[in-house]
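Have a look at the structure first.

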Amino acid sequence: VLQDCGADCAKFQKSELEYKFNKKALERPYTSKHSWGKTYGEHKRHLEFSHDQYRELKKYAEEVGIFFTASGMDEVFVLVFLLLLTSCLGDLLNNTCFFKKGIKSSRPMVISSGMQSMNTMHQVYQIVKPLNPNFCFLQCTSAYPLQPEDVNLRVISAYQSAFPDIPIGYSGHETGIAISVAAVAMGAKVVERHVTLDKTWKGSDHQASLEPNELAELVKAIRTVEKAMGSPVKQLLPCEMACNEKLGKSVVAKVTIPEGAVLTLDMLTVKVGEPKGFPPEAIFDLVGQKVKKNIEEDETITEQAVENHVKKVKC
């Protein structure tokens with residue numbers, strides 16, 4: 001499904017529960033309507049894939065031709081997972097010792113920043129950069145679903161300024177695709193979104209996920225925005241030539257100008273003219289020049305009508 005929608009990578013997440021939670025956390029009663037067990041531990045054990053299942057998923061991803069990764073949610077699985085495939089670090093940012101173990105690899109890493117501060121992200125950068133420079137940061141707010149006022153896309157710009165030598169991306173849990181598309185327009189190089197086959201399924205994440213048709217729409221929109229980003233150089237483009245020929249403006253005579261007159265600004269104006277003459281940008285260069293023939297009111301000012309050479313400014 002992901003490949004058909006145009007996604008580049010399928011990402012799961014995996015926890016070794018006894019290493020992520022203590023006993024009391026796993027034994028905590030879990031009575032949510034989304035629960036798959038009486039305790040949080042039973043709930044999580046019901047949902048977790050085994051290592052063999054991850055190997056099967058990796059093999060399938062290779063067969064269909066899509067990249068495969070997973071967020072390591074605790075130090076043990078990160079170390080195991082590094083033996084299997086590309087690492088994506090999620091909830092380890094505040095566990096510095098094991099975080100260092102997980103990043104001593106040349107494999108590319110995607111480091112999400114949900115629930116973190118800028119100070120923490122600076123610390124993470126300083127730890128990671130010497131050990132594995134092949135990483136990126138994602139702006140993320142850990143709420144499901146995420147409300148627009150809590151997205152804070154401007155953090156992308158802050159990350160770009162603070163960490164100019166690494167790619168910056170966006171991990172979104174909002175509904176719809178507009179905010180993720182905006183993140184790309186702001187320069188996000190990686191976009192991560194949750195995907196579900198049915199938003200009405202049991203589990204809070206489904207509401208914050210995209211169904212396949214939405215994912216396909218998002219990918220299409222992102223590819224369009226990537227093309228539209230274009231060049232920072234502002235110039236008249238070949239695609240604009242037809243419009244310029246039809247509607248491009250020239251300097252024209254505001255009044256009748258006799259042969260030998262010295263042009264002043266109050267003699268000139270700008271209109272769409274036939275034939276084409278001096279572009280609007282040249283109007284001040286024409287001031288002080290002598291004309292060598294009579295120019296009728298509303299007539300285009302052409303090079304042939306001006307005695308001295310005036311540089312024509314390109315549109």
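## Contacts and ground rules

Of the contacts in the protein with a separation of 6 or more, 57% are between residues 24 or more positions apart; a contact here means heavy atoms within 4.5 Å.

Keep in mind that this is a predicted model: local features need pLDDT of at least 70, side-chain atom pairs count only at pLDDT 80 or more, and totals for chains, interfaces and linings use all residues. Numbering runs from 1 along each chain as its sequence is written, and side-chain values use heavy atoms, with hydrogens and water left out.

## Overall make-up

There are 13 helices and 9 strands in the protein. These are DSSP runs numbered from the N terminus, with helices as H or I of at least four residues and strands as E of at least two.

Out of 315 residues, 40% are buried (buried is under 20% relative accessible area, exposed over 50%, partly exposed in between, with a 1.4 Å probe and protein chains only). The protein exposes about 18,100 Å², and 54% of that comes from carbon and sulfur atoms.

## Cis peptide bonds

Tyr144 and Pro145 are joined by a cis peptide bond, omega about -5 degrees. Pro145 sits in the loop between strand E5 (135–140) and helix H9 (154–162).

The bond from Glu274 to Pro275 is cis too, with omega near -5 degrees. Pro275 belongs to the loop between strand E9 (268–272) and helix H13 (283–286).

## Positive phi

Met115 is not a glycine, yet its phi is positive, near 70 degrees. You'll find Met115 in the loop between strand E4 (109–112) and helix H8 (118–131), and Met115 is exposed at 67% relative accessible area.

Asn152 also has a positive phi, near 55 degrees. Asn152 lies in the loop between E5 and H9 and is partly exposed, at 44% relative accessible area.

Technical notes:
Areas by Shrake-Rupley, 256 points an atom, 1.4 Å probe, with all protein chains shown as cover.
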